[in-house]
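Please read it beside the structure shown here.

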Amino acid sequence: MNALTLKLIAVITMVIDHAGSALLSQYIGTENAGIYFATRYIGRIAFPIFAYLIAQGCVHTRSMGKYALRLGVLALISEPFFDTVLVRGDVNFLANTNIFYTLFLAVCAIWLHKLLGGGLLGLLAVIPAALAAHLLTSDYGAFGVLFIFALYVINPTKRLRAAAGVAIGMLALYLPRVEVALFAVLASLCILAYNGKQGPKHPALKYGFYAFYPAHLLIIGLIV
């Protein structure tokens with residue numbers, strides 16, 4: 001499968017997760033609770049794939065600055081929808097923040113790592129980004145930043161190595177919740193099946209994936 005297929009898998013499983021969280025949470029504690037938990041388990045596949053694609057993007061992007069800027073802008077645009085639909089609270093740009101905060105901070109850490117020339121000093125670049133994610137209580141928090149950074153450092157173009165890194169990271173995150181960990185580890189199989197090719201290229205596809213995140217939250221919010 002190519003990168004487009006990977007993105008579609010991540011997007012579809014993310015939508016299932018968010019729809020379950022927003023629309024099916026009333027089933028918790030009832031005989032239909034299995035439906036709710038099934039959507040949340042399936043959703044665990046999304047983040048490891050997105051994390052891998054971000055690490056891969058940092059290898060291939062022509063401008064780390066523009067890449068980080070796109071993610072940062074999208075984080076701010078998405079936050080009101082995220083807070084309203086998934087957090088179900090007042091809009092707050094500094095707490096309980098969405099996944100694009102995590103992705104943005106991870107890219108900033110990798111950018112600084114590159115500027116410092118790698119090595120031990122470069123590895124320290126992840127510390128302020130991970131701390132910021134923790135303080136902002138972003139989705140997946142400090143772990144998310146460290147996970148993406150680690151995938152970049154071990155070289156995401158080495159798919160077997162990256163798939164192993166994803167599997168180990170997800171097992172470490174979710175154990176002893178074995179049923180959740182197994183779904184998250186499925187992402188590593190997707191990475192193993194990735195052929196290293198981008199697939200169809202078009203600006204509408206590129207920016208459509210960015211726009212999809214706040215758009216799907218808006219749609220779910222209208223349904224709720």
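Helix α4 passes helix α5 in a left-handed crossing, where left-handed means that the near helix is turned anticlockwise from the far one by less than a right angle, and right-handed that it is turned clockwise. This is a predicted model, in which local features need pLDDT of at least 70 and side-chain atom pairs count only at pLDDT 80 or more, while totals for chains, interfaces and linings use all residues. Residues are numbered from 1 along each chain as its sequence is written, and side-chain values use heavy atoms, with hydrogens and water left out.

**Helix packing**

- The axes of α4 (residues 64–87) and α5 (residues 99–115) come within 8 Å and cross at roughly 160°, the axes being lines fitted to C-alpha atoms over the stretch in contact, with angles from 0 to 180 degrees between N-to-C directions.
- α4 is therefore roughly antiparallel to α5, a term for angles over 145 degrees.
- In the contact (heavy atoms within 4.5 Å), residues of α4 including Leu71 and Leu74 meet residues of α5 including Phe104 and Trp111.
- The residues of this contact of α4 with α5 divide into 15 nonpolar, two polar and two charged.

**Cysteines**

- The count comes to zero disulfides, a disulfide being a pair of cysteine sulfur atoms within 2.5 Å.
- The sulfur of Cys108 is 9.4 Å from the closest cysteine sulfur, in Cys58, which is too far for a bond.
- Cys58 counts as buried because its relative accessibility is 0%, whereas Cys108, at 25%, counts as partly exposed (buried is under 20% relative accessible area, exposed over 50%, partly exposed in between, with a 1.4 Å probe and protein chains only).

How values were computed: Helix = DSSP H or I, 4+ residues; strand = E, 2+ residues; numbered from the N terminus. Parallel < 35°, antiparallel > 145°, perpendicular 65-115°, else oblique. Nonpolar A, V, L, I, M, F, W, Y, C, P; charged D, E, K, R; others polar.
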